Every structure is written in structure tokens, then in C-alpha cells.
Amino acid sequence: MPPISRAVTAIFFLSGATGLVFEVLWSRYLCLVMGNTAAAQAAVLAVFLGGLALGNAWLGPRVDRTRNALAWYGRLEVAVGLWAALSPLILTAAGALYVWLARTLGLEGAPLTVLRMTITAAALLPATTLMGGSLPALARHVSASLADVRRTIAWLYFWNSAGAALGSLAAGYVLIPAFGLDATLVAGGLINVALGALALRLARGEVPAPAAATAPTSGEPPYGRWQIRWVVLVALVSGFIALGLEVAWIRLLAITLGASTYAFSLAVAGFICGIALGSLLVDRPWLPGKTSLARLGWAQAGGAAGLLVTVPFYDRLPYMFLLIAHHSPRTLAGYALLEASKLVICLAMMLVPTTFMGMALPLATRVATRTLDEVGARVGLVYALNTLGTVAGALLAGAWLMPWLGLRGMFDAAAFGTLALALGTWWQLPDPRRHRRVALTFSALVAFQGYQAWGGGWAIASFFTGSLEDRGHPLPDFQSFRERQEAMNIVYAQDGPDGSVAVVIDDGLPTLRTNGKGEASTTADMPTQVLLGQLPCILHPDAREVLQIGLGSGISAGAVLTHPIERLDVVELGNAVPEAARVFGPFNHQALDDPRLRLVHEDGLAYMQTSTRRYDVIVSEPSNMWIVGVGNLFTRDFYALAREHLKPGGLLMQWFQGYYMNDEGFKVGLRTLQGQFPYVEIWQGTAHDLLMVASAEPLRSGPADWARHLDKREVADDLRRIGIEHPSTL
């Protein structure tokens, strides 16, 4: 163990835990106002990471000039804690300002994105910048020589990352469900203040920082200017690759395990666990190379090799999860076993590549730090550039790389990129053996390319044909599972920024799947989809302007358009969903080609926050509330906004899924709706789907009124296909 007090180690561990909790909670807070689109989430993540980078670069050099780095660190923690404790007020004010400016200025598209970034930066940058200065401060505190730098950076990074992994799990599974956002933020902020106060107390007896050493004493050879520049570039590019991999892994696990909040927490925790383990193992003798530069090359090669070995088996994950889910009892103990199994799956996917990735930054810091008087500045520079790489990854990975390369292509590109970094790092070595390493790397690239050409691709059908929801008796082996899945015909598949969308033809009929979950079909879902559009327009005799949240297959939108409305605004979160909906053209009356339909790519709650338009009917057709972000569309805030956006006599049609829900959850949902709409009717869609018609005024229409609509040919034809031909049947 390096010469670091246990108290300082514990402080930095807990600081990592609270920091990750803050990131999760701040993101949740801002997404409640700014939406759950990929662009909105990327904006929040980019600002958060950008603040860390700014803190590393700006505060790192200043740490080198202080005589008591631990006291500096303590003040940073206190300031971060106070900002976090006050952040419920800060974020509420930021959200209100965002909504007011968006409505007042009528912003949409790119200007609205710029406003999101600006408001998010104002709310988060002060705290995240201070957080970014913490590692350089502690590194300066514990380093009496360059040899100490070599030992302590990895140790500190390990404990901070381990705390972050704990924070990810605690936020998702314990803190938010038990205490909510506000109480968790305030408590976390006070814990941070206490950590800072403890650091200040420990700093009172600290001996002033030693005089700077001008010669290397770490056992490393003197590195040249170009070698150091290359290492700094490696830190930047590896940050970009790491964030791209994290985005790809989270998407893959959303498809395999379900796009729930818990799956997201598990994916982040699994990723950070590998990073932490790499920092702990960086000095173990099994990593080849006598110098940090050589070991950095091997770490990059190890990360690439870990991907090349594990990625070809990712298509087995749906079958593995199907087996685990089938054998997990439907009890609380069974649920705990299921979640623990998911974490094991995450670690099996990520642990090898992320462990090698976790070695990169400590090794790069050793190479870049030449004298003791620049510890804070060099640590800050390396970590700042690495974080800037993650910012670029946050902005580009989901929005550009995922649609362009696809999910499998993201992993392949990461492997190639990491191998290229290994190749370039070895080229910087003065050792003549580097040529053999270069030849080895080139051979690996050629072999991998040959493997791809030979046919080592995924069984892509496994990810889109519903294994997530298939809890029946599993097939005896993976090959049988694969054959059954591939028997289905995938006519559309796209890894979009907001989700992986596919249309699968089974027995000649299409089914829409998002992240592996069935969202719409032309079989069992037809009654619900048709009635979602028909019922509110039948019950509201003079509907002219309609808002629909969620496009899905477009069948509900097509049902609305059979009525003489003037405008239908459809708000859809997923970029790829509209193209998928065109496959359902024969079933949705080619709704997307109707000039009355206006398609808006946005989160439903965020759209209603910023829009000033009012409607006769609002149709809320979201996915299940356990999907990440969808629960926002079943809240008191959403229903209050819906009432605000309805004209006098307007109706809200709410799809309420009865499956995957117990009685208490249903009662809470119904009470929440009735809290804003005193008049609610419950209609039966299918055996497991309920349609709730809500209004601020009494609902007076009856069979005689419905008959007028059923006399219209288009309406009658639409209802006839679900077996409704008379008002009494309705």
C-alpha cells in the first residue's frame, strides 16, 4: 500500500461515491425538464464531464503553488457539498428559467439544444469544476517524490473509482427509491461537507509541501517531448473510446436486460468496477514492460484483446438472460438473485477490457510527470484531456457513431482504435524490440479482419426478437434458440441515438421492437392501438387539434386521422421509430403521409414544458413505466401539464398497461391521474390494457353520440377490423 493515510483514502472513496450519486441525480433532475432524448442526456453528461476537465486543467497547476494541498482539497469538497445540498433549489430555478425562455422565445430544434447546454452549464459547471480539482490536490498532498507519484496516483484512482461504482448501485437501487431526489441530494451534499471538514482537520497538522525535485527519482527513463505529447494524446483518444464503449455496452444491456433504471445502474457499475480494478493491478508483474511507456502499450493491447475475445459471444447474452430469468422465482429473493445475475453478466462482458483501460491513465500520468513541482499540473492535464475525450464521446457516440456504425460496429471500431494506440505507443519506445511488437500488432489486425470476413458476425436476430419478454421454457441450447430467432424475418433494424429499433415479421405480420422489447403489433395489440385513437375522437364530438405522445406503429395516429381533425402533432422520442412505422403503412392508413400530421422528435414531458399550444384531445401512448424516462409520463407533473394544454372540454386518453404491474402500482397510477382530472372513465383495451379517458369536466357522451361517428365509413372500417360494428359493442 502506498504511504497514504487510511483517513485520506476513506475520504476519497466516499467522495467518489457521492460524486457519482450527484451525477445520477443531477441528470435525473434536468431530464425531468429538458427531456430524455439522447441529445438532452448527452448535453447533461457533456457539461458534467466538461466541468471535471476544466477543474483538472485549471486547478491542477494552482495546487502546485499551495503549501497545504490537503487543506485545498478539503475546501474543494466543502464547496462541492454546499452546492449539491443547494442544488434542488438551483436546478428548480434553472428548469423554470429554461421553460420560460423556451416558451417566450418559441425555441425548437438547434436553438433549444443551445439553451439546454447553456442552462445546464450554469447549473452544474461550478460544482463539477471544483470536483475536477480534487484528484490533482490529493496527488500533490501524498507525493513527496516522483516515486510516490508512481504509487499513489493509481491507488487514489482505484479507491475513487470503487466509490463511484458503489454510488452507482446505491443511487439506482436504494437512495432514489427510498428517499427521492431532493432528500438524497441534500444528504449527499452534507456528507461531502463533512468529508471536506475532516480533510481540513487533518490538514492542520500537515508539514508544508517539500521543495520541488528537479530530477527524476521514479526509476523511469527521461522521456522526450514527443513521447510525452503522444501519451497526452493517448489519454485524450482513450477517453473518447471508453465513453463510446460505455454507450455501446449500456445499449446492449438495455436490449438484453431491459431498458430499466436498474439495468443502467448495473451497466455503469460494471464499467467503473473494471476501471477501478485496472488501477489496483497496474503495478502487478504480469503486465509486460519495464517502463511505464512500454506498459502503457501493453495495457492498450490488452484492452483491445479483451474486446476481440468477448465481443463475438455477446449475441449469447439474450439466451443466458432467458435461462436465468426462467429459473428465478417470482419472489423478492428471486428478484435479488436476478439482479445479482445481471451484475455478473455485466462484469463478464466488461471486466477484461475495462481493467486494461483502467491502467491507462495512471501509466500516462507517470510518463507525463517529470518533476515534483508539476505533479498537480501534469495530473490535471492528463485527466483533463482524458475527460475531454469522454465529452466528445458523449456528444458523438450515440448521436453519430451508433447510427453510422451500428452496435457491433461500435465494438469493432473501439478494438481497432485501441490497437492503434498500442501500436503508436510501442513506436515511441527506443527499444529495437518494438519492431517485433509492431509486427505482432499488425498481424493481429490482419487476423481480426480475416475473422470478420470469414463470418464471425453476431446472430443479430437474437437482439430483436423478444427474448427479453420470453419467460417460457427455454430451448435446450443456444443453437436451438438462435435457429428459432432467425426463423423470424427482420425487415427493418436501426441502432438510433435513442434506441435500437426493429420490425420483425412473424407469420406474415409485423411487430415493432425497441431495445428488444415489443412495443406494437398487428395481432394482440390491435384493439388497444385502434381504440387509443378512436375513443377520444368519438367521445369528443368537435375535436380539431390532437396531440399524440408516442408514435409506435402509427396505428393510433391513423385512427385519429379517420376523423375530420385539422392537426395532429405526434411527439416521438426515437429517431428510428418513424421509419419503422412506415412498414406498418397498410395497417396505419399511411398516416405519416397525411399532411395533417406533424412529427416532433422530442421527449413528451419536455415538449409540453416548452409548448404553448392547446389541444382538444391528448393521447398519451408511452411504453411501460419501468422503461428509463417513461415513468415521467405517469406523474402528477405530467397530468398537470396535460390539463393546462387542453382546451375547455378537452380529453386526455391515457394508455395504462396492466401487465408487469401489481394492484398497488395500478392504484397509485389511477390516484395520480384523478388528482388532476376529477372525471375519469376506464375502458378495456385488451385483457391486459386499460384505456383511461380523463377530463376536467363531466363526460356526457353516450351511445347515441357514438353512433354518429360509426356512421362515417372510414371510422366504421377502422373499428370493424377489431370486431366493433355497433355502439353497444363499443
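## Helix packing and burial in a predicted model

Me: In which helix is T120 found?
Reply: This is a predicted model, in which local features need pLDDT of at least 70, side-chain atom pairs count only at pLDDT 80 or more, and totals for chains, interfaces and linings use all residues. Residues are numbered from 1 along each chain as its sequence is written, and side-chain values use heavy atoms, with hydrogens and water left out. Helices (DSSP runs of H or I, at least four residues) and strands (runs of E, at least two) are numbered from the N terminus. On that numbering, T120 belongs to helix α4.

Me: Is T120 buried or exposed?
Reply: With a 1.4 Å probe and protein chains only, buried means under 20% relative accessible area, exposed over 50%, and partly exposed in between. The relative accessible area of T120 is 0%, so T120 is buried.

Me: Which residues does T120 contact, leaving aside neighbours within four places in sequence?
Reply: Contact means heavy atoms within 4.5 Å. With those neighbours left out, T120 is in contact with L30, M34, A43, V44, V47 and L125.

Me: At what angle do α2 and α4 pack?
Reply: Axes are lines fitted to C-alpha atoms, for helices over the stretch in contact, and angles run from 0 to 180 degrees between N-to-C directions. The axes of α2 (residues 38-63) and α4 (residues 109-132) are 7 Å apart. Their angle is about 35 degrees.

Me: What is the handedness of the crossing of α1 and α2?
Reply: Helix α1 (residues 6-34) packs against α2 at about 140 degrees, with the axes 10 Å apart. In this contact G19, E23, W26, S27, L30, C31 and M34 of α1 meet A40, Q41, V44, L45 and F48 of α2. A crossing is left-handed if the near helix is turned anticlockwise from the far one by less than a right angle, and right-handed if clockwise. The crossing of α1 and α2 is right-handed.

Me: How does α3 run relative to α5: roughly parallel or roughly antiparallel?
Reply: Angles under 35 degrees count as roughly parallel, over 145 as roughly antiparallel, 65 to 115 as roughly perpendicular and the rest as oblique. α3 and α5 (residues 134-142) pack at about 155 degrees, with their axes 8 Å apart. That angle makes the two helices roughly antiparallel.

Me: Which residues of α19 are exposed on the face turned away from its buried side?
Reply: In α19 (residues 636-645), F638, Y639, L641, A642 and H645 are buried. They cover an arc of only 160 degrees around the axis (taken from the directions from the axis to the C-beta atoms), which puts them on the same side of α19. These buried residues pack against several elements, including α3 (69-105) and β9 (646-657). The face turned away carries the exposed residues R636 and D637.

Me: How far apart are the C-alpha atoms of W404 and D495?
Reply: W404 lies in helix α12 (residues 375-427) and counts as exposed, at 58% relative accessibility. D495 is 91 residues away from W404 along the chain. Their C-alpha atoms are separated by 8.4 Å.

Me: Which residues does D718 touch, not counting those up to four places away in sequence?
Reply: D718 is found in helix α22 (residues 713-720). D718 is buried, with a relative accessible area of 1%. With those sequence neighbours not counted, D718 touches V530, Q534, A559, T562 and H589.
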